[in-house]
Amino acid sequence: MATGAAITIEVDDAPIRAALNAFAERGGDLSAVMADLGAAMLTSTQQRFEAQAAPGGEKWAPFAPSTLKRMPLRRRANPFLLRDKANLYSSIHADTGDTFAEVGSNLAYAAIHQFGGTVKIPEREQTATFIIVPKGAATTKDGRRVGSRLRFAKASTRSKTRHERTFKAGGHSVTIPARPYLGIDDADRTEILAIIEDHFRGLPGVEAAP
């Protein structure tokens, strides 16, 4: 996969390799096999996001309590790992050719979610935007009128009376646990061998894979 930092996970499985070699020796079209293998592994990888589990079924590490605390209530009620905006999930794709089938992502942060690691965030300058609510203009949830107060501005109101404050956010580190989504397990191996056998049956004079 083309990306600024490439990381490859190579599956070297003896039974799969032997089946592919036997198919090629019989004159089979490996590109057709690889296309089907890529599609199958793409589906398997997408299902791991839905199951929130690694190859083999081990559940991904849950959100840290501090992360859950920072979440909006709508997300906290049903937190879904690696699927907040679905960018990583949507970036997963298959690439195949005559001799290969790859499944992966071209996002820069795809690797750290696969393997885990620590991200260092340097000190930075940030700007917070506020609006002043005029006296008597605000109403609490229980219907009470309140006086002037300072609150974070909504995006839709920032073009009106806007007050900005600039501050420095200190540098810190964030540790992200590994949540593997790439790779194959026993179920995938069974599916891969079944796909190869199906292609074997399509060869002239062949009823099944050796």
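Analyst: Start with Gln 52, in the loop between α2 and α3. Helices (H or I, at least four residues) and strands (E, at least two) are DSSP runs, numbered from the N terminus. This is a predicted model: local features need pLDDT of at least 70, side-chain atom pairs count only at pLDDT 80 or more, and totals for chains, interfaces and linings use all residues. Numbering runs from 1 along each chain as its sequence is written, and side-chain values use heavy atoms, without hydrogens or water.

User: Why is Gln 52 called buried?

Analyst: Buried means under 20% relative accessible area, exposed over 50%, and partly exposed in between (1.4 Å probe, protein chains only). Gln 52 has a relative accessible area of 17%, so it is buried.

User: What is the phi of Gln 52?

Analyst: The phi is positive, about 55°, although Gln 52 is not a glycine. Leu 82 belongs to the loop between α4 (73-76) and α5. At 16% relative accessible area, Leu 82 counts as buried.

User: How many helices and strands does the chain have?

Analyst: Seven helices and nine strands. Of the 210 residues in the chain, 30% are buried.

User: How do you know that the length of helix α1 fits its residue count?

Analyst: The expected span is 1.5 Å times one less than the number of residues. Helix α1 covers residues 14-25, twelve in number, so it should span 16 Å; its end C-alpha atoms are 16 Å apart, and that agrees.

User: Which residues of α1 are buried?

Analyst: Ile 16, Ala 19, Leu 20, Ala 22 and Phe 23. They cover an arc of only 160° around the axis, so they lie on the same side of α1. The arc is that of the directions from the helix axis to the C-beta atoms.

User: What covers the buried residues of α1?

Analyst: The cover includes α2 (30-51) and α7 (186-201). Contact here means heavy atoms within 4.5 Å.

User: What happens at the start of α1?

Analyst: A side-chain oxygen of Asp 13 comes to within 3.2 Å of the backbone nitrogen of Ile 16. A polar contact is a pair of N or O atoms within 3.5 Å; within protein, one must be able to donate a hydrogen and the other to accept it, and residues adjacent in sequence count only if both atoms are side-chain atoms. Asp 13 itself lies in the segment before α1. Its relative accessible area is 14%, so Asp 13 is buried. After α1 comes Gly 27, with a positive phi near 85°.

User: What makes one side of α7 its buried side?

Analyst: The buried residues of α7 are Asp 188, Ile 192, Ile 195, Ile 196, His 199 and Phe 200. Their arc around the axis is only 145°, which puts them on the same side of α7. The face turned away from that side carries the exposed residues Asp 186, Ala 187 and Thr 190. The cover over the buried residues of α7 includes α1 and α2.

User: What are the length and the start of α7 like?

Analyst: With 16 residues, α7 reaches 23 Å from its first C-alpha to its last, close to the 22 Å expected. At its start, a side-chain oxygen of Asp 185 reaches to within 3.2 Å of the backbone nitrogen of Ala 187.

User: What do the buried residues of α2 pack against?

Analyst: They pack against α1, α5, β1 (93-96), β2 (101-104) and α7. Among these buried residues are Leu 30, Val 33, Met 34, Arg 48 and Phe 49. Helix α2 has 22 residues and reaches 31 Å from first C-alpha to last, close to the 32 Å expected.

User: Why is Ala 39 called partly exposed?

Analyst: Ala 39 lies in α2. Its relative accessibility is 43%, so Ala 39 falls in the partly exposed class. Its C-alpha is separated by 6.7 Å from that of Ala 94, 55 residues apart along the chain.

User: Why is His 113 called buried, and what is it in contact with?

Analyst: At 15% relative accessibility, His 113 counts as buried. His 113 belongs to helix α6 (residues 110-115). Apart from neighbours within four places in sequence, the contacts of His 113 are Leu 82, Leu 88, Ile 176, Pro 177, Ala 178, Arg 179, Pro 180 and Tyr 181.
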